[in-house]
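Hi everyone, thanks for making time for this. Please have a look at the structure on the screen, and then I'll walk you through a few spots in it.

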Amino acid sequence: MYPLHREREQPIFSARAHVFQIDPATKRNWLPASKNAVTVSFFYDANRNVYRVISAGGTKAIINSTITPNMTFTKTSHKFGQWADSRANTVYGLGFSTEQQLQQFADQFKEVKEAARLAREKSQERFELSNPGLSIAAPQLSQELSDEHHSPPLLTVNGPGEEKLFRSKSAEVVLTAEKERVKKMLSEGSVCEMNLEAELFTLQDSNAKLVAALQEANSSVEQWKKQLAEYQTETTRLQDQVSELEAQLGHPAAGQTGKEELSRSLEELETLLRAKDQEIHSLQSRKPDVGQLEKEREEAMQRLQELERRNSELEDRVQNAEKTLASSQDEQKQAEVEVQRIIKFLDVKICDLSELRQSLGKLIDK
């Protein structure tokens with residue numbers, strides 16, 4: 001990995017993100033490389049003609065990754081992305097505050113990767129043009145690389161019957177140096193292939209872990225849906241009880257205020273239940289990461305506790321309404337008894353008046 005040389009590098013793009021690195025022991029868990037969001041920048045080294053991603057936490061470089069054409073930046077969620085660096089033997093992860101910042105970083109990474117590919121191709125072209133002796137010996141390169149102890153073969157530049165011209169010692173030295181350089185490039189290519197396979201296995205493990213976390217989150221959502229169904233059933237039962245109480249009451253004037261409050265409470269509870277159903281649908285459609293699911297699960301548990309408290313208050317109100325109904329029925333019975341007593345008293349008075357009338361009629365007749 002190249003050291004940091006800010007004075008000869010040109011910044012291209014910068015963003016703020018939380019930096020993570022894969023755990024080298026498990027290759028599964030993420031280890032935070034920065035406590036807070038730090039600046040992550042793309043730099044171009046004009047002297048070496050390379051592109052790098054650099055981020056410094058204080059006086060320490062937490063990211064110093066040279067971009068190569070075989071690198072890939074993968075968005076694993078709507079705010080998180082990662083890429084593997086075979087030279088550093090690690091996987092970097094970046095967490096952004098918005099999806100737009102992640103998309104901008106991914107687009108810039110793609111552009112820098114393409115620029116690195118073009119720079120490599122131009123470098124190879126310049127290498128071939130500046131070393132014509134290597135191009136002449138290209139057909140026999142594989143044979144020379146297979147046996148590094150053999151001396152370079154002789155080149156025949158004349159016809160079959162003419163005198164053969166041999167390479168000078170300086171040309172042999174140059175060709176040997178170029179051959180070693182090509183061998184080094186080929187060996188680095190094989191190492192890159194091995195590192196790519198290791199990165200592939202790491203990504204597969206990460207994918208399996210994310211799938212397991214998503215399945216766990218889906219099971220939690222199913223449990224929440226069952227609890228909401230139970231609360232809906234309980235709400236329906238309470239509504240039926242209120243309807244029965246209203247039917248038994250007989251006259252709407254009695255306990256009208258209590259019933260209105262009870263109806264408002266039931267409407268609020270139904271609104272909360274509908275909001276909870278919408279949250280469940282949004283959870284299933286968004287499929288957020290595990291950390292966000294955990295946070296939303298805690299919020300849902302708090303809301304469920306709030307629903308339980310409101311259900312308890314609703315049950316208390318129903319009990320109070322039942323007591324009010326019982327008291328009204330007792331008052332009605334007492335009123336009926338009082339009416340019967342008055343009716344009997346009036347009957348007696350009517351009888352007395354009838355007898356008095358008869359007596360007065362007899363007196364008048366005499």
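Let me start with a definition: a residue is called buried when its relative accessible area is under 20%, exposed when that value is over 50%, and partly exposed in between. Keep in mind as well that this is a predicted model.

With those cut-offs, is I350 buried or exposed? Its relative accessibility is 52%, so I350 counts as exposed. You'll find I350 in helix α6, which covers residues 290-365. I350 also belongs to a nonpolar patch on the surface, along with I342, F345 and L346. Together, these four have about 390 Å² of accessible area.

Now for the strands. Strand β3, residues 38-45, has seven of its eight residues buried, so the rest of the structure largely encloses it. And what does β3 pair with? The partner is strand β4, residues 50-57, and the two run antiparallel over five bridges.

One last stop, still in β4, is I54. Here the relative accessibility is 1%, so I54 counts as buried. How far apart are I54 and P11 in space? From C-alpha to C-alpha it's 9.7 Å, while in sequence I54 and P11 are 43 residues apart.

That's my tour, and I'm happy to go back to any of these spots.

Technical notes
Residues are numbered from 1 along each chain as its sequence is written. This is a predicted model: local features need pLDDT of at least 70, side-chain atom pairs count only at pLDDT 80 or more; totals for chains, interfaces and linings use all residues. Side-chain values use heavy atoms; hydrogens and water are left out. Buried means under 20% relative accessible area, exposed over 50%, partly exposed in between (1.4 Å probe, protein chains only). Helices (H or I, at least four residues) and strands (E, at least two) are DSSP runs, numbered from the N terminus. Two strands pair if DSSP finds at least two bridges between them. Patches are made of residues with over 30% relative accessible area and no salt bridge: like charges are joined within 9 Å, nonpolar side chains (Val, Leu, Ile, Met, Phe, Trp, Tyr) within 5 Å. Accessible areas come from the Shrake-Rupley method with a 1.4 Å probe; for residues, only the protein chains shown count as cover. A salt bridge is a side-chain nitrogen of Lys or Arg within 4 Å of a carboxyl oxygen of Asp or Glu.
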